[in-house]
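Hello,

Here is the structure I promised to pass on. My notes follow below it.

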Amino acid sequence: MKALLQQTIATEINITSLVLRLTLAIVLWPHGAQLLLGSFGGHGFSGSMAYFTNTGLPWIIAFLVIFLLFFGTIFILLGLGTRWFAIAFVVLFLGMIANVHLQNGFFMNWFGNQKGEGFEYHLLLIGVAVGLIISGGGKFSLDLLLHKNLKKGNS
């Protein structure tokens, strides 16, 4: 179990992962705050749960979406469990594309000419998350700190 933990938190010590973490967290956290807290014009937890479940999502999936977008971005920002949360974001955004945005085409609805939003934004976020899956949390991540401490414990 300790070996598996070491493998998943091992990270390249680079600034690129930090930039990817900051980008993902800064872009996604406000969405999580809308869903959970009602900040930035959102509907809060009750309203978000009602919306998601009324669109056919099981309540547990709706809850996990809200949890991931709020708390998952905080974990990504801190670089704690970076790979696991990045995998979760890839799954989330693939689900969003398949269930909602694919039918609207590639492009976002900048000019209101489409029925809904396309999936280009989601592909960008998937790319950022895949970068984190490959490289890990990078510099200034709690994953790096934990990995170093676990290595010391093995010596």
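Leaving aside neighbours within four places in sequence, Leu 69 is in contact with Leu 28, Trp 29, Gly 32, Leu 35, Phe 89 and Leu 92. Contact means heavy atoms within 4.5 Å.

Before the rest, some ground rules. This is a predicted model, so local features need pLDDT of at least 70, side-chain atom pairs count only at pLDDT 80 or more, and totals for chains, interfaces and linings use all residues. Residues are numbered from 1 along each chain as its sequence is written, and side-chain values use heavy atoms, with hydrogens and water left out.

Leu 69 also belongs to the largest nonpolar core, which has 25 residues. Leu 69 is among those with the most contacts inside this core, along with Leu 24, Leu 28, Ile 76, Phe 89, Leu 92 and Phe 93. A nonpolar core is a set of buried Ala, Val, Leu, Ile, Met, Phe, Trp, Tyr and Cys residues joined through side-chain atoms within 4.5 Å. Buried means under 20% relative accessible area, exposed over 50%, and partly exposed in between (1.4 Å probe, protein chains only).

The elements that give two or more residues to this core are α2 (15-37), α3 (44-54), α4 (59-78), α5 (82-101) and α6 (120-135). α5 gives the most, with seven residues. Helices are DSSP runs (H or I, at least four residues), numbered from the N terminus.

**Helix packing**

α2 and α3 pack at an angle of about 95°, with their axes 5 Å apart. Axes are lines fitted to C-alpha atoms, for helices over the stretch in contact, and angles run from 0 to 180 degrees between N-to-C directions. α2 and α3 are therefore roughly perpendicular to each other (65 to 115 degrees; under 35 is roughly parallel, over 145 roughly antiparallel, the rest oblique). Gln 34, Leu 35, Leu 36 and Leu 37 in α2 meet Gly 44, Phe 45, Ser 48 and Phe 52 in α3.

α3 and α4 pack at about 135°, with their axes 9 Å apart. α3 and α4 are therefore oblique to each other. On the α3 side, Phe 45, Ser 48, Met 49, Phe 52 and Thr 53 meet Trp 59, Ala 62, Phe 63, Val 65 and Ile 66 in α4.

**Gly 127**

Gly 127 lies in helix α6. Is Gly 127 buried or partly exposed? Gly 127 is partly exposed, with a relative accessible area of 43%. The C-alpha atoms of Gly 127 and Val 90 are separated by 8.5 Å, and these residues are 37 apart along the chain.

Best wishes
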